[in-house]
Amino acid sequence: MAKYLLLKHYRSSHEQTGNGQLPPMDTWTPQEVHDHIAFMDHVADTLRERGEFVDGQALSPEGTFVRFDGEGRPPVTDGPFAETKDLIAGWMIIDVDSQERAHEAAAFLSSAPGPGGTPIQEWIEVRPFLEQRPTTVE
C-alpha cells in the first residue's frame with residue numbers, strides 16, 4: 001500500500017475540461033452546494049469501505065503564501081502575483097495498492113457535481129507521499 005495526497009484544484013479562472021469556466025461556489029444554489037458536498041462524503045465513504053481512505057478536508061478560500069525573506073526581515077506574503085494563484089479547495093489522503101488505483105480514485109473525485117448537477121471535471125493533483133528520505137552523498 002502507498003499513500004497519496006489528492007489535491008482538489010479549484011480553477012474558476014482557468015479552463016476546465018469539458019465545462020468551460022466553473023463559476024465560484026458562492027454563486028451556486030444551496031442545493032448544488034449540498035449535492036457537491038454530499039458527493040465528496042460519498043467518495044470518502046466508498047474509499048473507507050475499501051480500506052483506502054485515510055483523511056480529507058475542505059479548505060477555506062482565504063489564505064496567503066508566505067516565504068522567508070532573509071534574517072531579521074519580515075516574511076513576504078502573497079508575492080507579486082497573488083491574483084493568479086490557484087485555490088486548493090480541499091485534500092484527501094488515500095492509501096492504495098498502486099498509482100493506477102490512485103488515479104482511479106482521483107478521477108472519481110473529479111466527477112463531483114457542480115452547477116446543474118453536471119460533473120465539474122476539476123483537476124485533481126495526485127502526489128505520492130515520500131516513502132524514504134533522500135540520502136546525501138558526501
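## Q121, a loop residue

Let's start with Q121, which counts as partly exposed at 35% relative accessibility; that label covers the range between buried (under 20% relative accessible area) and exposed (over 50%), worked out with a 1.4 Å probe on protein chains only. Q121 sits in the loop that links helix 2 and strand 6. Its phi is near 50°, a positive value in a residue other than glycine.

A word on the ground rules: this is a predicted model, in which local features need pLDDT of at least 70 and side-chain atom pairs count only at pLDDT 80 or more, while totals for chains, interfaces and linings use all residues. Residues are numbered from 1 along each chain as its sequence is written, and side-chain values use heavy atoms, with hydrogens and water left out.

## The overall layout

The protein chain has two helices and six strands. Here helices (H or I, at least four residues) and strands (E, at least two) are DSSP runs, numbered from the N terminus. Reading from that end, the order is β-α-β-β-β-β-α-β.

Of the 138 residues in the protein chain, 28% are buried. The accessible surface comes to about 9400 Å², and carbon and sulfur atoms account for 54% of that; the areas come from the Shrake-Rupley method with a 1.4 Å probe, and for residues only the protein chains shown count as cover. Now take the contacts (heavy atoms within 4.5 Å): among those between residues at least 6 apart in sequence, 74% join residues at least 24 apart.

## The sheet

In what order do the strands of the open sheet stand? The order is 2-5-1-6, four strands with antiparallel pairing, where two strands pair if DSSP finds at least two bridges between them. Strand 2 and strand 6 (124–128) are at the edges with a single partner strand each, so one side of each has no neighbour in the sheet. On average, neighbouring strands of this sheet are turned by 15° against each other, direction ignored. For angles like this, axes are lines fitted to C-alpha atoms (for helices, over the stretch in contact), and angles run from 0 to 180 degrees between N-to-C directions.

Strand 1 (residues 2–10) is joined to strand 5 (residues 87–96) by nine bridges, and you can find L7 opposite W91 there. Strand 5 also pairs with strand 2 (residues 53–58) over five bridges; A58 has G90 as its bridge partner. Strand 1 and strand 6 are linked by five bridges, with K8 standing opposite I124.

## Helices on the sheet

Helix 1 packs on the sheet and touches strand 1, strand 2 and strand 5. Its direction makes about 15° with that of strand 5. Helix 2 packs on the sheet too, touching strand 1, strand 5 and strand 6, and its direction makes about 30° with that of strand 1.

R101 has its place in helix 2. Is R101 buried or exposed? With 14% relative accessibility, R101 counts as buried. Setting aside neighbours within four places in sequence, R101 is in contact with L47, R50, E52 and V96.

## One aromatic pair

How many aromatic pairs does a search of the whole structure find? One. F39 and F108 form that pair: it is edge-to-face, 5.5 Å centre to centre, with 75° between the planes. For the record, rings of Phe, Tyr and Trp (its six-membered ring) pair if their centres lie within 6.5 Å; planes under 30 degrees apart count as stacked, over 60 as edge-to-face and the rest as tilted.

The pair links distant parts of the chain: F39 belongs to helix 1 (residues 30–49) and F108 to helix 2 (residues 99–110), 69 residues apart. F39 counts as buried, at 16% relative accessibility, whereas F108, at 26%, counts as partly exposed.

## P23 and its contacts

P23 is in the loop between strand 1 and helix 1, and its relative accessible area of 33% makes it partly exposed. Not counting residues up to four places away in sequence, P23 touches Y10, W28 and P115. P23 and P115 are 92 residues apart along the chain, and their C-alpha atoms are separated by 8.1 Å.

## Confidence

The mean pLDDT of the protein chain is 85, and 84% of its residues reach 70 or more; pLDDT is the predictor's confidence in each residue, from 0 to 100. Over residues 13–17 the pLDDT is below 50, and this stretch has 15 contacts in the model beyond near neighbours in sequence. Where pLDDT is low, the predicted coordinates should not be read in detail.
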